[in-house]
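This report goes through one protein chain, from its overall make-up to a few selected sites. Please keep the sequence and the model open while reading.

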Amino acid sequence: MAAIKTLLLIFSCSSLLILSSVCEAQTAPPLVKGLNYTFYKTTCPNLESIITKQLKSAFSNNSGLAAGLLRLHFHDCFVQGCDGSVLLDGSTSKPSEKAALPNLTLRPAAFAMINTLQGLIVKACGRVVSCADITALAARDAVALSGGPNYSVPLGRRDSATFATNATVIQFLPSPRFNVTALLAALALNNLTVNDLVALSGGHTIGIGHCAAFSNRLFPSRDPTMDQTFFKNLRLTCPTNQTVNTTNLDVRTPNTFDNKYYVDLVNRQGLFTSDQDMFVDSRTKPIVTGFSTNQSLFFEKFVFSMVKMGMLNVLTGTNGQIRANCSAKNPGTVGDGAWSVVDLEVGSGEGAASY
Ligand code: HEM
């Protein structure tokens, strides 16, 4: 069955190639039990077109939203699995994942869009689609609608009724100050490899970063692995190591999902230590070089690793729930205390992250 699917994908890809540069990925990691490509075929047949239509129009007014949605899925999956836990609001006495430092720079507009999408989907199909699946599909569309590869997303995730602690978020989300050794150790917690690291980091081909996330490379002096002119320009954006400002992650094509991020690295114009060290470390350098000269190879490996990341520790079957509101666990859920947010919402604002 899997072999037939692969053959079909190769066929549709090669026929599509004649007409278009967009083409389905040729390989996919083995499916986790409980997920499949036709999960909502009868219960919500228009699910994907509802999401794509809404995002197409939203991205035309807000080009950064795509980056926000892609990062949201990553931050969901790495912490406690792709279970929508990052979407949950907390309270003052029980802060949610949103309040943890790496998540302070997740975009409020991305959270809001997941809720908007859910509203549209509930209207069309009732409450059958999980917030975790909506987040995975939104991330896929963020990539595809920004010029990147389109690919099929295995579906059937369910939502958690709990969120992770601050310490767990910090443990599982790598810091931009990490070198490759630290990054590999962090990714290994989720059974991800060196190939996954380099491919997934290609997500930095769109979006922005705050000065605090790369100030370690500017102060007290230039990180020697950084290009001189790039450094001078970044110092204009971030004149002091307290400056709150942002810059594009990919200096060449900041809003297009392409392989230029790797061209940046080869030219020593990567923004974070975690980016640039991949062109320093001998385990990752050849992969970076390969992607910098072969966009189709990058797209193929990115899709593989995204689908793999999207299946991390998922809740399926009768585990978890389908939330009525993506920001809160369902009323009456047995779990960890209060069922909805009653206190002050925390953690959805902009912040200067230096985690
Ligand atoms: C490998 C380790 C990674 C580290 C250390 C890292 C770190 C960061 C940091 C510090 C920012 C900037 C936050 C800010 O200052 O506003 C950022 C932005 C971003 N990251 Fe990553 N990231 C990693 C992996 C990923 C992965 C796997 C993806 C998706 C596949 C991803 C997608 C993005 C996107 C799209 C943005 C821009 C967000 C926006 O513009 O709102 N990152 N990342």
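What share of the contacts in the protein chain with a separation of 6 or more comes from residues 24 or more positions apart? The share is 74%.

## Overall make-up

The model is predicted. The protein chain holds 13 helices and two strands. It has 355 residues, and 50% of them count as buried.

## Helix 3 against helix 4

Helix 3 spans residues 64-78 and helix 4 spans residues 108-125. Their axes come within 8 Å and cross at roughly 75°. Because angles of 65 to 115 degrees count as roughly perpendicular, helix 3 is roughly perpendicular to helix 4. On the helix 3 side, the residues that meet helix 4 are Leu65, Gly68, Leu69 and Leu72. Their counterparts in helix 4 are Ala109, Ala110, Phe111, Met113 and Ile114. Sorted by class, this contact has eight nonpolar residues, one polar residue and no charged residues.

The spacing of such residues can be read against helix geometry. An α-helix has 3.6 residues a turn, so residues three or four places apart point the same way.

## Gly68 in helix 3

Gly68 belongs to helix 3. Its relative accessibility is 5%, so Gly68 counts as buried, the cut-off being under 20%. Leaving aside residues up to four places away in sequence, Gly68 touches Arg107 and Ala110. From Gly68 to Phe111 the C-alpha distance is 8.7 Å, and the two are 43 residues apart in sequence.

Asn103 sits in the loop between helix 3 and helix 4. With a relative accessibility of 0%, Asn103 counts as buried. The side chain of Asn103 makes a polar contact of 2.6 Å with the side chain of His75.

## Helix 4 against helix 5

Helix 5 covers residues 131-145. The axes of helix 4 and helix 5 come within 10 Å, with a crossing angle of roughly 115°. This angle makes helix 4 roughly perpendicular to helix 5. The crossing of helix 4 past helix 5 is right-handed.

Helix 4 contributes Ile114, Leu117, Gln118 and Ile121 to the contact, and helix 5 contributes Cys131, Ile134, Thr135 and Ala138. Six of these residues are nonpolar, two are polar and none is charged.

## Helix 8 and its cover

How many of the eight residues of helix 8 are buried? The count is six, and helix 8, residues 194-201, is mostly covered. The buried residues are Asp196, Leu197, Val198, Ala199, Leu200 and Ser201. The cover over them includes helix 7 (180-188), helix 10 (260-266), helix 12 (285-293) and helix 13.

The N-terminal end of helix 8 is capped by Thr193, which places a side-chain oxygen 3.3 Å from the backbone nitrogen of Asn195.

## Lys308 in helix 13

Lys308 is part of helix 13, residues 295-309. Is Lys308 buried or partly exposed? At 23% relative accessibility, Lys308 counts as partly exposed, since buried requires a value under 20%.

Apart from residues up to four places away in sequence, Lys308 touches Pro29, Asn191, Leu192, Thr193 and Asp196. Among these are Thr193, the cap of helix 8, and Asp196, one of the buried residues of helix 8. Lys308 and Ala28 are 280 residues apart along the chain, and their C-alpha atoms are separated by 8.0 Å.

## Gln276 in helix 11

Gln276 is located in helix 11, residues 273-276. Its relative accessible area is 2%, so Gln276 is buried.

Which backbone atoms does the side chain of Gln276 reach? One is the backbone oxygen of Leu265, at 2.9 Å. Another is the backbone nitrogen of Gly270, at 2.8 Å. Not counting residues up to four places away in sequence, Gln276 touches Arg217, Thr225, Asp264, Leu265, Arg268, Gln269 and Gly270.

Technical notes:
Residues numbered from 1 in each chain as written. Predicted model: local features only at pLDDT ≥ 70, side-chain atom pairs only at ≥ 80, totals over all residues. Heavy atoms only, no water. Axes fitted to C-alpha atoms, helices over the stretch in contact; angles between N-to-C directions. Helix = DSSP H or I, 4+ residues; strand = E, 2+ residues; numbered from the N terminus. Parallel < 35°, antiparallel > 145°, perpendicular 65-115°, else oblique. Contact = heavy atoms within 4.5 Å. Nonpolar A, V, L, I, M, F, W, Y, C, P; charged D, E, K, R; others polar. Left-handed = near helix turned anticlockwise from the far one by under 90°. Buried < 20%, exposed > 50% of the residue type's maximum accessible area, 1.4 Å probe, protein only. Polar contact = N/O pair within 3.5 Å; in protein donor to acceptor, adjacent residues only side chain to side chain.
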